[in-house]
Each structure stands twice: as C-alpha cells, then as structure tokens.
Amino acid sequence: MNDNPVKAIAFFLPQFHPIPENDEWWGKGFTEWTNVTKAKPLFPGHYQPHLPADLGFYDLRLPEVRQQQAELAGKYGISGFCYYHYWFNKRRILEHPVNEILNTGKPDFPFCLCWANENWTRTWSGGSKDVLLKQKYSHEDDIDHIHSLFSAFRDPRYIRIDGKPLFLVYRTELLPDPKKTAEIWRSEAIKNGIGDLYLVRVESFVNNINPETIGFDAAIEFAPDWANLGPRLFRTELLKKISNIGLFPKVFSDNQVVDYDTLATSMMRKKNPDYVRFPGVTPCWDNSARKKKNAAIFINSTPDKYEQWLASSIQKASLFDSKIPKLVFINAWNEWAEGNHLEPDQKWGHAYLEATFNALNDPNKERKTLRTHPNPLNISHYLRYLYNRNIGWRLQK
C-alpha cells in the first residue's frame with residue numbers, strides 16, 4: 001500500500017470459476033474466460049482478444065491465485081478490492097471466492113463489497129428479456145440480506161470509513177424504496193453490534209441523485225459514464241447506408257465505437273456535484289467479447305492516457321474536505337470480457353499497473369494532455385481493407 005492520502009480501490013469480478021448455474025445456462029465449465037478467448041478483432045487495429053499474462057487463465061477457487069492477485073495489487077499501490085456481491089432473495093451466487101477469503105483469513109488484503117443488484121438475463125447473447133435470476137425486493141429481504149453480510153463486516157480486513165463498513169449498491173434506482181432499505185440496514189447493523197454503515201450508490205446508469213436523499217452517504221462515479229462518452233465514431237446515416245452494401249465495415253453501425261481520449265476528457269471535465277462523489281476511472285473498455293452486437297468499444301487507450309486520467313482524479317479527490325474520505329475507484333481489476341483490467345495482459349504487461357503506481361505516487365507531475373477531439377482509426381487501415389476485400393482478405397466477424 002502507498003502513502004498517498006488518496007486511496008485507490010479496484011472493482012473485482014468473481015466470475016472466474018465454474019458454478020452449477022453457469023453450467024446450466026451457458027454450458028459446462030463456463031467462466032468469464034469462455035467469452036474472453038472467443039473474442040476476435042472486428043476491424044483493423046482492434047485489440048482483441050485480451051489474453052492474460054502473469055496470472056494465466058486462473059481459477060478463483062485456488063488460494064494461490066487470490067494471494068498472487070493481492071500481492072500484485074499491493075505492489076502497485078492499490079489499497080483494496082471491491083468484490084461484486086450477488087444476492088437474490090436469500091440466494092447467493094459466485095460467492096465462493098469471498099467465502100474462502102473470510103474462512104481462511106487470506107489474503108491479508110483490504111476489501112469491501114458491492115451489491116450487483118440487477119436481474120441476471122441473457123443480455124450477452126441478445127436475450128435481455130430472458131431472465132435467469134430475478135430480483136424480488138422486500139423489506140423482509142432487506143433484513144435477511146444485511147444479516148448475511150455481518151460476517152464480512154466484522155472481518156478486520158473489511159474497508160471502513162470512520163469505523164463504518166463500506167457497502168456499495170450498483171443500482172439504487174432499482175430499489176422500490178432505497179431510503180427505507182438504508183434505514184433497515186443501518187438499524188439492523190447497529191442492533192447487532194456492527195455499528196453504523198457507510199452506504200454508497202454507484203452512478204452507473206442514473207446520475208445526479210443526491211445520495212443523502214435516499215439515506216446513503218456518498219456516490220461513486222462509474223467509468224465509463226454512459227452519459228459522457230463523447231461522440232460515436234463512424235455513426236453517420238451515410239456511412240450506415242454504405243456499410244449496408246458492403247463498402248464500409250458494418251461493425252461501426254452495429255456497435256458503439258468511441259475514442260478513449262474523448263471519454264477521459266469528458267469525464268475529467270464533469271463538474272463536482274453538491275454531494276460527496278468519489279471519482280472513477282477505467283483503463284479501457286471493450287465488451288465485444290461478451291456482446292455480439294451493440295458492444296461499446298473504446299479505441300486508442302494506452303497506459304499513459306489512463307495514467308493522466310487517474311492522476312487528475314486523484315488530484316480531485318485530494319481536494320476533498322478533511323471529513324470526506326479521499327477515495328478513487330478503478331473499474332476494474334479483472335473485467336477481462338469488458339476489456340477493462342489492471343491485471344497484466346500479453347500486449348501491455350505491467351504497464352497499466354505501473355501507470356497506476358505512478359499516478360498514485362506523483363499525481364501532480366506534468367503529463368501530456370489528452371486530445372479533445374476524436375482520432376478515428378488510421379485511414380490507411382481502412383484503405384487497406386477496401387483494397388483487399390476483393391482478393392480474399394476479410395475482416396474477422
């Protein structure tokens with residue numbers, strides 16, 4: 001861990017081990033790696049697939065893997081992991097890694113939980129209305145849910161703010177009465193000797209809700225902010241018509257391709273709200289490994305650009321009032337099928353981890369300014385596509 005007063009917490013996806021539900025829904029042995037390894041480049045210069053380096057295609061059931069992840073994160077200045085937590089009316093899923101962390105006491109690395117409270121659907125394969133696991137909210141379930149978390153909250157490694165366990169909710173707007181839920185959670189925690197909670201809503205889809213109005217303490221800026229992406233590339237009506245007759249790659253009309261610089265610049269320029277909101281950054285984003293259509297693909301991301309964005313967010317957090325925790329959230333440690341991971345890959349190695357370390361340890365260093373206008377794909381790549389399309393070379397689809 002570093003000595004910077006601003007601490008970086010990285011979101012952590014636990015879907016890297018087989019479970020019966022995924023075996024049933026997606027095929028025997030399915031894990032996140034299944035999507036990762038199927039990915040292909042959709043246009044010249046498109047970075048896919050993202051393949052792991054140091055840690056390989058790991059299985060989170062192995063304690064050695066969890067230990068290596070913690071050591072790697074700590075070495076480069078990450079202060080803790082925020083594990084996604086899945087709860088469906090007394091039913092938990094993908095809980096094995098966190099259970100093992102609690103049961104074994106290893107690794108000795110700070111952590112907190114984020115309730116990913118969406119329905120599970122077949123969105124990845126285009127079936128967003130095919131619900132696999134449905135959330136059924138009730139205040140009775142609020143009590144059961146918070147009680148199930150007490151063992152984690154009592155763990156000495158659990159991240160606390162002013163002594164209060166830090167608990168995140170991914171989409172508070174889906175809760176029928178978030179203020180009543182927060183009230184129940186706090187009351188039950190205090191009644192059972194946990195003490196008060198530090199509740200945070202993630203600004204993932206609906207922004208600008210003052211968390212205090214729903215009984216929460218703060219918000220987290222999810223990256224990418226879908227309302228501040230910058231312009232989509234190659235999405236004009238003319239290009240759409242040209243792509244329909246095969247003269248332009250259809251991938252650009254079927255998906256959202258955005259320049260990373262405009263995303264980072266747009267998010268850095270956002271005004272501070274009149275409530276507590278922790279900055280969020282992402283090293284990259286490309287979920288075409290998961291989605292066959294309507295994927296979000298950010299091109300031209302590099303460790304240097306990510307370092308500048310992270311440094312800017314750290315500077316912003318450092319100016320918080322002394323009563324406000326100085327936190328930055330990174331999306332993510334290991335979202336491999338969304339192309340946003342700090343874990344080393346075969347293209348960049350440790351470069352994104354080194355960028356994280358540099359930003360945390362010297363956020364005020366002068367860095368190259370990000371472009372404010374998108375830089376589309378190199379035109380020579382597209383001309384080469386046109387030239388070769390009739391002699392057998394095709395974009396992989």
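Lys and Arg are counted here as positive and Asp and Glu as negative, while His and the chain ends are not counted. The place of a charge is NZ of Lys, CZ of Arg, CG of Asp or CD of Glu. On this basis, the mean positions of the 51 positive and 46 negative charges of the protein chain are 7 Å apart.

## Basis of the model

The model is predicted: local features need pLDDT of at least 70, side-chain atom pairs count only at pLDDT 80 or more, and totals for chains, interfaces and linings use all residues. Residues are numbered from 1 along each chain as its sequence is written, and side-chain values use heavy atoms, with hydrogens and water left out.

## Overall architecture

The protein chain contains 13 helices and 17 strands; these are DSSP runs numbered from the N terminus, helices being H or I of at least four residues and strands E of at least two. The radius of gyration is 21 Å, close to the 21 Å given by the globule rule for 397 residues, so the protein chain is as compact as a globular protein of that length. That radius is taken over C-alpha atoms, and the rule is 2.2 Å times the number of residues to the power 0.38. Along its principal axes, the C-alpha trace spans about 70 × 50 × 40 Å.

Of contacts (heavy atoms within 4.5 Å) between residues at least 6 apart in sequence, 76% join residues at least 24 apart.

## Burial and surface

Buried residues account for 56% of the 397 residues in the protein chain. Buried denotes under 20% relative accessible area, exposed over 50%, and partly exposed in between, with a 1.4 Å probe and protein chains only. The protein chain exposes about 17700 Å², of which carbon and sulfur atoms supply 50%. Accessible areas come from the Shrake-Rupley method with a 1.4 Å probe, and for residues only the protein chains shown count as cover.

## Salt bridges

The structure holds 21 salt bridges, each defined by a side-chain nitrogen of Lys or Arg within 4 Å of a carboxyl oxygen of Asp or Glu. One of them pairs D155 with R157, the closest N and O atoms being 2.8 Å apart. D155 counts as buried at 9% relative accessibility, and R157 counts as buried at 9%.

K270 takes part in a salt bridge with E221 (3.0 Å, N to O). K270 lies in the loop between α10 (260-268) and β12 (277-278) and E221 in strand β10 (residues 218-221), so the pair ties together parts that are 49 residues apart in sequence. Both K270 and E221 are buried. K270 also meets D225 in a salt bridge (2.7 Å, N to O). Because D225 lies in the loop between β10 and α8 (237-244) and K270 in the loop between α10 and β12, this pair ties together parts that are 45 residues apart in sequence. Relative accessibility is 14% for K270 and 3% for D225, which also counts as buried. Elsewhere, salt bridges that share partners join E32, R290, E335 and E338 into one network.

## Backbone geometry

Most residues other than glycine have a negative phi, and most peptide bonds are trans. A cis peptide bond joins Q48 and P49, with omega about -5°; P49 is placed in the loop between α2 (32-38) and α3 (63-75). A cis peptide bond also joins A223 and P224, with omega about 5°, and P224 is found in the loop between β10 and α8.

Positive phi values occur at D162, near 50°, and at N294, near 60°. D162 lies in the loop between β7 (160-161) and β8 (164-169) and counts as exposed at 67% relative accessibility. N294 lies in the loop between β13 (280-281) and β14 (296-299) and counts as partly exposed at 42% relative accessibility.
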